[in-house]
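Good morning, and thank you for coming.

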Amino acid sequence: MNGEFLEALNQIAREKDIPLETLIETVESALATAYKRNHSIDGEVKVRIDSTRHSTSPYKVYMEKTVVEEVENSYEEISLEDAQKHNPEIMVGEMLTLDVDQAAFGRIEAQTAKQVVMQRIREAERRKIFDEYNDRVGEVVVGTVSRREGRNVYVNLGKIDGLLPSQEQVDGEPYKFNDRIRVYVLEVRDTNKGPQVVVSRTHPSLIRRLFEVEVPEISDGTVTIKSVAREPGARSKIAVTSRDEKVDAVGSCVGHRGSRVQAVVTELYDEKIDIIRWNVDPALFIAESLSPAKAVKVSVTEETKSAFVVVPDNQLSLAIGKAGQNVRLAARLTGWRIDIRSEAQVARATLQAITCLLYT
């Protein structure tokens, strides 16, 4: 009898991935709750699962009361006279354990206990999932698109479906049923219906994590991603540096024949990615950030964190980018406000300034 009972608990623990000790505590609490609910007991009922397989009963129902001279709370206390009827050697202040008639534990109690156990198991499963994914906030996980509900997309992450809300989706990405995609774990919410894992495809750190997966030099700390700027679905820039002068940071991220960066680009449905060499000198860093344009001169003002950049006439539109995208990403990447002018514009402005001086 008891061996079968314990084996059943072990099986549930394995299937639900819940520690056996936690499950036993849950069952003990459920049995006690069921017994008290259906019987008038003057005391706090407890249940202990008997872990010995040779016992005739899988559990023991009992109460514990403190032995006192004068009873003030019959719920928790018992007089010395009554206690000695059960144990002649017991003394005041000691705890008396009283067995409860568990033969009265019938079908109704068993059904109530089952309901409580299943509820506690569900709660334990939810807590485990919440803790597991809460520890993974900020990581990238692999999932499969499972369904759509309105504008929301749900991604099967294994133990739970992650919510990819519309504001975290990239325009143009298909999210077809059974598509295998990587998503960034944004947050985990503890709701009345259980944990809800919110994931993102637009977060800039998705780029960072994808490069960590593809580039061993980043995962081992040799190459560091200093900053990321992204316009999801269109273009991103990442600034990288190497701690080892023998390791080329940009080359490591690009990979042999562009294999590493192409793996990230493919995952992001052909989003363009510029890999920029980070420099401690802000002028050099800003010049690099405007790639593929080449700066002729960069002047920086530390107090306002602003930079004035001069580029060749034929590269002005390239430096600015379509609808200002290139310079906008460069500003986010560096943290500096960037003003770009062509050589011809600078020459005209200089000539106008000289003319004004001559005629004043």
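I begin with a side chain and a ring: the charged end of K226 sits over the ring of W278, 4.6 Å from its centre. Here, a charge sits over a ring if NZ of Lys or CZ of Arg is within 6 Å of the ring centre and within 35 degrees of the ring normal. Likewise, R147 lies over the face of Y154, at 4.0 Å from the ring centre.

Two remarks on the source are needed. This is a predicted model, in which local features need pLDDT of at least 70 and side-chain atom pairs count only at pLDDT 80 or more, while totals for chains, interfaces and linings use all residues. Residues are numbered from 1 along each chain as its sequence is written, and side-chain values use heavy atoms, with hydrogens and water left out.

Let me turn to the strands. Helices (H or I, at least four residues) and strands (E, at least two) are DSSP runs, numbered from the N terminus. Two strands pair if DSSP finds at least two bridges between them.

An open sheet is made of three strands in the order 13-14-15, and its pairing is mixed. Which strands are at the edges? They are strand 13, residues 297-301, and strand 15, residues 337-342, and each of them pairs on one side only. On average, neighbouring strands of this sheet are turned by 15° against each other, direction ignored. For such angles, axes are lines fitted to C-alpha atoms, for helices over the stretch in contact, and angles run from 0 to 180 degrees between N-to-C directions.

Strand 14, residues 306-311, pairs with strand 15 in the parallel sense over six bridges. Within strand 15, R337 is the bridge partner of S306.

Helix 9, residues 282-289, lies across strand 13, strand 14 and strand 15, and runs at about 125° to strand 13. Helix 12, residues 343-358, lies across strand 14 and strand 15, and runs at about 85° to strand 15.

Elsewhere, strand 8 (residues 180-191) pairs with strand 5 (residues 140-149) in the antiparallel sense over five bridges. In this pairing, V141 stands opposite V183. Strand 8 also pairs with strand 9 (residues 194-200), in the antiparallel sense over seven bridges. Strand 8 and strand 9 form a hairpin with two residues between them.

Next, consider E267 in helix 8, residues 259-267. Is E267 buried or exposed? E267 counts as buried because its relative accessible area is 14%; buried means under 20%, exposed over 50%, and partly exposed in between, with a 1.4 Å probe and protein chains only. Not counting residues up to four places away in sequence, E267 touches I181, R182, R201 and L210. A polar atom of the E267 side chain lies 2.9 Å from the backbone nitrogen of R182.

Finally, I come to the backbone. Most residues other than glycine have a negative phi, and most peptide bonds are trans. S291 and P292, however, are joined by a cis peptide bond, with omega about 15°. P292 lies in the loop between helix 9 and strand 13.

R257 is not a glycine, yet it has a positive phi of about 55°. R257 lies in the loop between helix 7 (249-254) and helix 8, and is exposed, at 80% relative accessibility. Y269, also not a glycine, has a positive phi of about 55°. Y269 is found in the loop between helix 8 and strand 12 (272-277), and is partly exposed, with a relative accessible area of 33%.

How values were computed. Contact means heavy atoms within 4.5 Å. A polar contact is a pair of N or O atoms within 3.5 Å; within protein, one must be able to donate a hydrogen and the other to accept it, and residues adjacent in sequence count only if both atoms are side-chain atoms.
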